[in-house]
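Here is a friendly note for a colleague opening this structure for the first time. Please keep the model in view as you read the points below.

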Amino acid sequence: MTTFDKMKDPAALAAKDPSRYGIHGVAVVEHDGGTFLAATDGKALTLVRCHTDAHGDDARGIYPCQAFAAARKAARRKPYATVTLNGSAYVDGDGAHTEFTKVDATFPELRGIVLTGEPEHVLRLDAAYLARIQKALGADGVEIRDHGDGQPLTIVPIYLAGGTADGSLGVLMPIGGGA
C-alpha cells in the first residue's frame, strides 16, 4: 500500500489536456532516496512525499488524477480512507472500493529538473499574497525583484495576452529567515 497526506493534492499540477498522456496523471517516482507522487503540466512540477509498505509492491507508474481526487474525497468523510497503488489504483473508504487503471505512459525523467545541492539564495514568500497581487494587477504572470535579505519584494506584472505595462507594481514582504 502507498500512503500520502490526503491534505495535499498530488494531482493539482497534472496536465489538464488528456492528449499529454505522459503527464496527464500522477507518477510514483524515486528521488533522493525517497518515494514521491509527481505531477507536472510541463511548466511546474510537484513532488509529494509518499510511503510504501514493506510488502514490496511495485507502485511505480502513472495513475489517473481521479484516483487521488477520490482518495482525498473519501478521506474527508473517513480519515482512514486509503489508496493502494499496485498495477492499478484502488481507493477504499466509506465502504466503497473503486479501481482506477494505471496510465500506459512514461513520465519525464526528473534528473536535471529537480536540482540538488545548496541554493545560492532562498526566498520565502506567501504564494497566496503573490497570487492576489497578480490578480490585482490583471497580469498573466509576475516578475519578482529581490532587493536584498529582508527587504520588501517588488512585484512587476507580466502581460502575455494583452494588458498595459503602465508602471503598476506590487510590494510583498518576504517571510523571515531568508538566506
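1. Let us start with a sheet. Three strands make an open sheet in the order β6-β7-β8, and their pairing is antiparallel; two strands count as paired if DSSP finds at least two bridges between them. Because β6 and β8 (96-101) stand at the edges with a single partner strand each, one side of each is left without a neighbour in the sheet. Neighbouring strands here are turned by 15° against each other on average, with direction ignored. Helices (H or I, at least four residues) and strands (E, at least two) are DSSP runs, numbered from the N terminus.

2. A word on the basis. This is a predicted model, in which local features need pLDDT of at least 70 and side-chain atom pairs count only at pLDDT 80 or more, while totals for chains, interfaces and linings use all residues. Residues are numbered from 1 along each chain as its sequence is written, and side-chain values use heavy atoms, with hydrogens and water left out.

3. Back to the strands. β6 and β7 are joined in the antiparallel sense over 4 bridges. To find your place in this pair, look for Val83, which stands opposite Val91 in β7.

4. Next, the helix beside this sheet. α1 lies across β6, β7 and β8 and runs at about 15° to β7; axes are lines fitted to C-alpha atoms, for helices over the stretch in contact, and angles run from 0 to 180 degrees between N-to-C directions. The helix has 13 residues and reaches 19 Å from its first C-alpha to its last, close to the 18 Å expected at 1.5 Å a residue. That expected span is 1.5 Å times one less than the number of residues. Cys65, Ala67, Phe68, Ala71, Ala74 and Ala75 are buried in α1, where buried means under 20% relative accessible area, exposed over 50% and partly exposed in between (1.4 Å probe, protein chains only).

5. Which residues touch the most other members of the largest nonpolar core? They are Phe4, Leu37, Tyr63, Phe68 and Leu85, in a core of 20 residues. The elements giving two or more residues to this core are β2 (26-31), β3 (34-40), β4 (45-52), α1 (65-77), β6 (82-85) and β7 (88-93). With 4 residues, α1 gives the most. A nonpolar core is a set of buried Ala, Val, Leu, Ile, Met, Phe, Trp, Tyr and Cys residues joined through side-chain atoms within 4.5 Å. In soluble globular proteins, nonpolar side chains tend to be buried together.

6. Leaving out residues up to four places away in sequence, Phe68 touches Phe4, Pro10, Val26, Leu37, Tyr63 and Leu85; contact means heavy atoms within 4.5 Å.

7. How many disulfides does a search of the whole structure find? The count is 0, with a disulfide taken as a pair of cysteine sulfur atoms within 2.5 Å. The sulfur of Cys50 is 15 Å from the closest cysteine sulfur, in Cys65, so it is too far for a bond. Cys50 is buried, with a relative accessible area of 2%, and Cys65 also counts as buried, at 18% relative accessibility.

8. Please look at the other open sheet too. Its 3 strands follow the order β9-β10-β11, again with antiparallel pairing. β9 (141-145) and β11 (170-172) each have a single partner strand and stand at the edges, so one side of each lacks a neighbour in the sheet. The twist averages 35° from one strand to the next. β10 (residues 153-158) pairs with β11 over 3 bridges, and Thr154 has Val171 in β11 as its bridge partner. α2 (residues 127-136) lies across β9, β10 and β11, running at about 175° to β11.

9. Is Pro18 buried or exposed? At 56% relative accessibility, Pro18 counts as exposed. Pro18 sits in the loop between β1 (2-4) and β2, and its C-alpha is separated by 26 Å from that of Asp5, 13 residues apart along the chain.

10. Finally, the chain as a whole. Its secondary structure comes to 2 helices and 11 strands, and buried residues make up 33% of its 179 residues. The C-alpha trace spans about 55 × 35 × 35 Å along its principal axes.
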